[in-house]
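I opened the notebook to go through one model by eye and by list. The entries follow the order in which I looked things up.

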Amino acid sequence: LRHFLTTEGLPRPLLEQILDTAESFTGVIGKSVKKVPLLRGRTVINLFFEPSTRTRTTFELAATRLSADVLNINVAVSSQSKGESLLDMLRNLEAMQCDAFVVRHADSGTAEFIARHAQPGISVLNAGDGRHAHPTQAMLDMFTIRQHKGSFEPLRVAIVGDILHSRVARSQIHALNGLGAGEVRVIAPRTLLPRDVETLGVRVFHDMQSGLRDVDVVMMLRLQRERMTGALLPSEGEYFRLYGLTEEKLAVAHPEAIIMHPGPINRGVEMNSAVADGPRSVILQQVTNGVAVRMALMSMLLGRPGSGEDA
Ligand code: CP
């Protein structure tokens, strides 16, 4: 494994290996053991062309706890503002002898583009590209589900909201199906569903009452206003009334259903605070698990003899 760009098409044993490896790191993200020397001497470059709180920080923490050196490129004040092309920027960063790029970009396909052009031995981890994929988010979500529910086979999972613009939803759907989840549902208004939704291996619902019935996991999504160009949207108040998660709407879900959200949350739009901060919410555990899962992925890509070679 050289790059980690998508969860689409990944074989189940590999998905499980990522989760098992993350499990082995959970002790290292506790307070007693701070670091392991697996990536000593390696350099990871965080290249975020879009804002991030959770992903960039947990990648940095994960790399640091593996003893790698981490560089955070401030793209806004980089020489891109003077007209330097993406490829020239990459060539110059590669000349500093780095081992991996962690890439977030507003355009779908950018991480793959960088992976295609990266020098041999350099790995690329996709930290979110446009509306295409956010595979490390999906894997930390899978880790959190497994932590709470054990196996995937009996689970009914509902993904709710802006499926159309969500790279998280696509990566979650591929990961859930790859891990053998019993039933993956999406719940959304027609205007927020992609044209190819029927090909994704999901059951489609347009109302919360039927879509949430008996589900074990509810994965809420943020309304991605920054990616909306002329979509016919209800107002935020209308959206919350129809699709915002409340205790009342949750009444039809399994009593032990867990509530997830990749963050950032728009409170009062996707869910209210009673649910976001309530006893069934595992939202902050998702963030914690992001460190272990990103440690797992970086150790698998960079940490073994011969890693960094093309698969
Ligand atoms: N979930 C997620 O990608 O959050 P950030 O945008 O803060 O990284």
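Which residue in β2 stands opposite Ile45? I looked up the pair and found Leu71. The model is a predicted one, and I read every entry below with that in mind.

Entry: first sheet.
I traced the strand that is joined to β2 here: β1, residues 43-48, runs parallel to β2, and five bridges join the two. I then followed the whole sheet, which is open and has four strands in the order β2-β1-β3-β4, with parallel pairing. The edges are taken by β2 (69-73) and β4, each with a single partner strand, so one side of each has no neighbour in the sheet.

Ser67 is not a glycine, yet its phi is positive, about 75°. I note for reference that most residues other than glycine have a negative phi.

Strand β6, residues 183-187, pairs with β7 in the parallel sense over three bridges. Within β7, Arg203 is the residue opposite Arg185.
I also looked for what covers these strands.

Entry: domains.
I found the protein chain divided into domain 1 (12-133 + 287-302) and domain 2 (135-283). Their C-alpha centres are 26 Å apart. For the contact between them I noted 23 residues of domain 1 and 21 residues of domain 2. On the domain 1 side, the elements that give two or more residues are α1 (12-25), α2 (54-65), β4 (123-129) and α11 (283-302). Which of these gives the largest share? I found α11, with six residues. By type, this side of domain 1 divides into 10 nonpolar, eight polar and five charged residues.

Entry: α1 against α5.
I took the axes of α1 and helix α5 (residues 135-149) and found that they come within 10 Å and cross at roughly 70°. That angle makes α1 roughly perpendicular to α5. From α1, the residues in the contact are Ile18, Leu19 and Ala22, and they meet Met139, Met142, Phe143 and Arg146 of α5. I sorted the residues of this contact as six nonpolar, no polar and one charged.

Entry: ligand shell.
Which residues surround the ligand? I listed Ser52, Thr53, Arg54, Thr55, Gly128, Gln137, Pro262, Gly263 and Pro264. This shell divides into two nonpolar, six polar and one charged residue. I then asked how the two domains share in the shell, and each of domain 1 and domain 2 gives at least three residues.

Entry: a cis bond in the shell.
I went back to two residues of that list, Gly263 and Pro264. The peptide bond joining Gly263 and Pro264 is cis, with omega at about -5°. For reference, most peptide bonds are trans. I placed Pro264 in the loop between β9 and α10 (273-276).

Terms used:
Residues are numbered from 1 along each chain as its sequence is written. This is a predicted model: local features need pLDDT of at least 70, side-chain atom pairs count only at pLDDT 80 or more; totals for chains, interfaces and linings use all residues. A residue is near a molecule or strand if its C-beta atom, placed from the backbone, lies within 6 Å of it. Ala, Val, Leu, Ile, Met, Phe, Trp, Tyr, Cys and Pro count as nonpolar, Asp, Glu, Lys and Arg as charged, and the others, Gly among them, as polar. Domain bounds come from an automatic or database domain assignment. Two residues are in contact if their C-beta atoms, placed from the backbone, lie within 7 Å. Two strands pair if DSSP finds at least two bridges between them. Axes are lines fitted to C-alpha atoms, for helices over the stretch in contact, and angles run from 0 to 180 degrees between N-to-C directions. Angles under 35 degrees count as roughly parallel, over 145 as roughly antiparallel, 65 to 115 as roughly perpendicular and the rest as oblique.
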